[in-house]
Each structure stands twice: as C-alpha cells, then as structure tokens.
Amino acid sequence: MTKPHQHDSPVLEARRNKLAPPPLYTVVLLNDDFTPMDFVVHVLQKFFSMSREQATQIMLKVHLEGRGVCGTYPRDVADTKVKQVSNFARENQHPLACIMEGN
C-alpha cells in the first residue's frame, strides 16, 4: 500500500495585516482672565482654519465653560498645533493655554 503524497516544504499562508488607525488626540484651549477674546478668535482661525463664526462659537465656549475643543488629530499633528498656539500666544504676550488630551 502506498501512502498519500506528503509535502516536505512548509506551506505559506497569506496573512493580511490590518493597520489600525492612529490614536487621536483632542486639542483644547483653556480659559484665562487675561487673553483677549479677539486674540482667541484669531488663533482659532489661523491654526485651526475655522471661519470667524466657528471661531467665535469656540471662543465663547472657552469663555463660558472654561475650555473649548479646537479639533481632533493624530498625535504628531495635535502636538504641533499645541506648540504653534503656545508659541504664538507667548510671542504676543498672552497666557493662553492650549493642551492635548488622549481619546
């Protein structure tokens, strides 16, 4: 009796790697008693490409609730935006705080 033919070579299986989307971070402006509202609106327009109306709504949220969400981005983008806003605020002698939070 003969045995069925067996392969001595390993079998290669196709595997599909599923790439997970990068973790996202929320960029937030925090209220203070010194930064002018117009400056906050300008920052939102300049660094987050918001319309004047959108920027005004977020600025009012910061003013009334103590914080306002500017956007949600991958870590490197969020970190860059935080640094840009912080540097711009310091250059203009404002204490505006901008932070990022993990989602």
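**Core and loops**

Trainee: What does Val27 touch, not counting residues up to four places away in sequence?

Mentor: Please keep in mind that this is a predicted model. Val27 touches Phe48, Gly68, Val69, Cys70, Gly71, Tyr73, Ala78, Val82, Cys98, Ile99 and Met100, with residues up to four places away in sequence left out.

Trainee: How many residues are in the largest nonpolar core, and which have the most contacts inside it?

Mentor: That core has 24 residues, and those with the most contacts inside it are Val27, Leu29, Val43, Leu44, Phe48, Val85 and Leu96.

Trainee: Which elements each supply at least two residues of this core?

Mentor: Strand 1 (24-30) and strand 2 (67-74) do, as do helix 1 (37-48), helix 2 (52-65) and helix 3 (75-91).

Trainee: And which gives the most?

Mentor: Helix 1 does, contributing 7 residues to this core. As a general point, nonpolar side chains in soluble globular proteins tend to be buried together.

Trainee: Turning to the backbone, where is Ser49, and what is its phi?

Mentor: Ser49 lies in the loop between helix 1 and helix 2. Its phi is near 50 degrees, a positive value in a residue other than glycine. In general, most residues other than glycine have a negative phi.

Trainee: Is Ser49 buried or exposed?

Mentor: Ser49 is exposed, because its relative accessible area is 65% and the cut-off for exposed is over 50%.

Trainee: What about Gln93: where is it found, and is it buried or exposed?

Mentor: Gln93 is in the loop between helix 3 and strand 3 (97-102). Gln93 is exposed, with a relative accessible area of 72%. Although it is not a glycine, Gln93 has a positive phi of about 60 degrees.

Note on methods
Residues numbered from 1 in each chain as written. Predicted model: local features only at pLDDT ≥ 70, side-chain atom pairs only at ≥ 80, totals over all residues. Heavy atoms only, no water. Core = buried A, V, L, I, M, F, W, Y, C linked by side-chain atoms within 4.5 Å. Buried < 20%, exposed > 50% of the residue type's maximum accessible area, 1.4 Å probe, protein only. Helix = DSSP H or I, 4+ residues; strand = E, 2+ residues; numbered from the N terminus. Contact = heavy atoms within 4.5 Å.
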